[in-house]
Amino acid sequence: MNSRRSRLLAVALAGAAAAAARRRATAGLDTSDLTGRTAVVTGGGSGIGRSLVVLLARRGAHVHVVDRDLARAQGVVVEVRAAGGSAVAHAVDVSDAAAVGALADTVFAEGRVDLLFNNAGIGHAGAVVDTTLADWKALVDVNLMGVVHGLHAFLPRLVAQDGQAHVVNTASMAGLFPSPGLVPYSTTKAAVVGLSEAVDREVVRDGVRVHALCPGIIATDIIRTSTMRGPWADKQAVVEQMYATRGTSPDVVARQALDAVARGRTVIPTPRHQVVPPWLVKRASPSAGAALAGAMARVVSR
Ligand SMILES: NC(=O)c1ccc[n+]([C@@H]2O[C@H](COP(=O)([O-])OP(=O)(O)OC[C@H]3O[C@@H](n4cnc5c(N)ncnc54)[C@H](O)[C@@H]3O)[C@@H](O)[C@H]2O)c1
């Protein structure tokens, strides 16, 4: 073989090896069997977080259930253990950077972490003109800084450890569209989508994937505990009822989240039938998407 041919062959082989390494780095974890894996779920005491904890434990993971409401986290741990799973509760407010750092120290002292769900969040509805600065700060502190604190405390050690790991940040359908009536909430969630997509590209070659989970209308406690301003305040009971009766089960969100992690999807719309069509409309035509988002907001607040 002449030297030009052997150089070409060497380049082709190097390219194939690099492509294989890229495929290995971007392929997701097998989430159907999580035996021996460790997961951390913030906001694990209720709703989507609780469903994630139960499913992760059922598939064999040891789960750290993190919530600012310790009694709720402990209730989920009792449920998991009764079903033969393994879980432990932690009282942590994700808006407290030092507390999240201490959580990471405790968890990593036991060994590696395979899955981190930065899921804790709070709700808010109301026009911007009716929203107080304290409302804005509370939302940013929990929904955005809570995710940032999770990344800051866990990511360097996820990158440094061997093997694959996944971080799933709970954003929202409201982070994918303009959402009148939900502006402060959707601001935090759009930020979570953007940071997840960008951080994913930063750490993918280190074997860590970062995902943005974007649920639609899910039947959880979130509306009951949301802050509602202006005319929305009078509709809290109606919206709560609508979420309870027409919302999707958080168990569906948990299943679709683990499936999407296994497939290596960065943005995870869920339930797909609810979130994907309007998301596609917005991507195809931002003005049509904005009109649709306005119509959807009117339906929710009727
Ligand atoms: N329910 C929906 O329709 C919906 C839709 C899109 C996105 N989300 C997002 O899903 C996530 C979970 O919400 P959910 O619907 O399951 O609500 P939920 O109220 O049922 O559960 C949220 C849990 O997070 C905990 N929590 C709140 N603030 C916390 C903090 N500062 N530190 C630690 N724990 C805290 C609460 O105690 C609660 O146990 C949130 O980020 C929310 O914004 C929900």
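**Helix packing and the ligand shell**

Hi everyone, let me start with two helices: α2 and α3 run roughly parallel to each other, a label for angles under 35 degrees, with over 145 called roughly antiparallel, 65 to 115 roughly perpendicular and the rest oblique. Helices here are DSSP runs of H or I with at least four residues, strands are runs of E with at least two, and both are numbered from the N terminus.

Before I go on, this is a predicted model, where local features need pLDDT of at least 70, side-chain atom pairs count only at pLDDT 80 or more, and totals for chains, interfaces and linings use all residues. Residues are numbered from 1 along each chain as its sequence is written.

Back to that pair: α2 and α3 (residues 70-82) pack at about 25°, with axes 10 Å apart. Axes are lines fitted to C-alpha atoms, for helices over the stretch in contact, and angles run from 0 to 180 degrees between N-to-C directions.

Now the ligand. How many residues surround the ligand? There are 30, and the closest are Gly43, Ser46, Gly47, Gly121 and Thr220; a residue is near if its C-beta atom, placed from the backbone, lies within 6 Å. The elements giving two or more residues to this shell are α2 (47-58) and α5 (133-160), and α2 gives the most, with 3. By class, the shell has 10 nonpolar, 14 polar and 6 charged residues. Nonpolar means Ala, Val, Leu, Ile, Met, Phe, Trp, Tyr, Cys and Pro, charged means Asp, Glu, Lys and Arg, and the others, Gly among them, are polar.

On to α5, which has a kink of about 40° centred on methionine 145, taken as the angle between axes fitted to the seven residues ending there and the seven starting there. α5 packs on α6 (residues 183-203) at about 15°, with axes 9 Å apart. So α5 is roughly parallel to α6, in a right-handed crossing.

One last stop: a cis peptide bond joins threonine 270 and proline 271, with omega about -5°. Most peptide bonds are trans. Proline 271 sits in the loop between β9 (267-270) and α9 (272-284). Thanks, everyone!

Notes. A crossing is left-handed if the near helix is turned anticlockwise from the far one by less than a right angle, and right-handed if clockwise.
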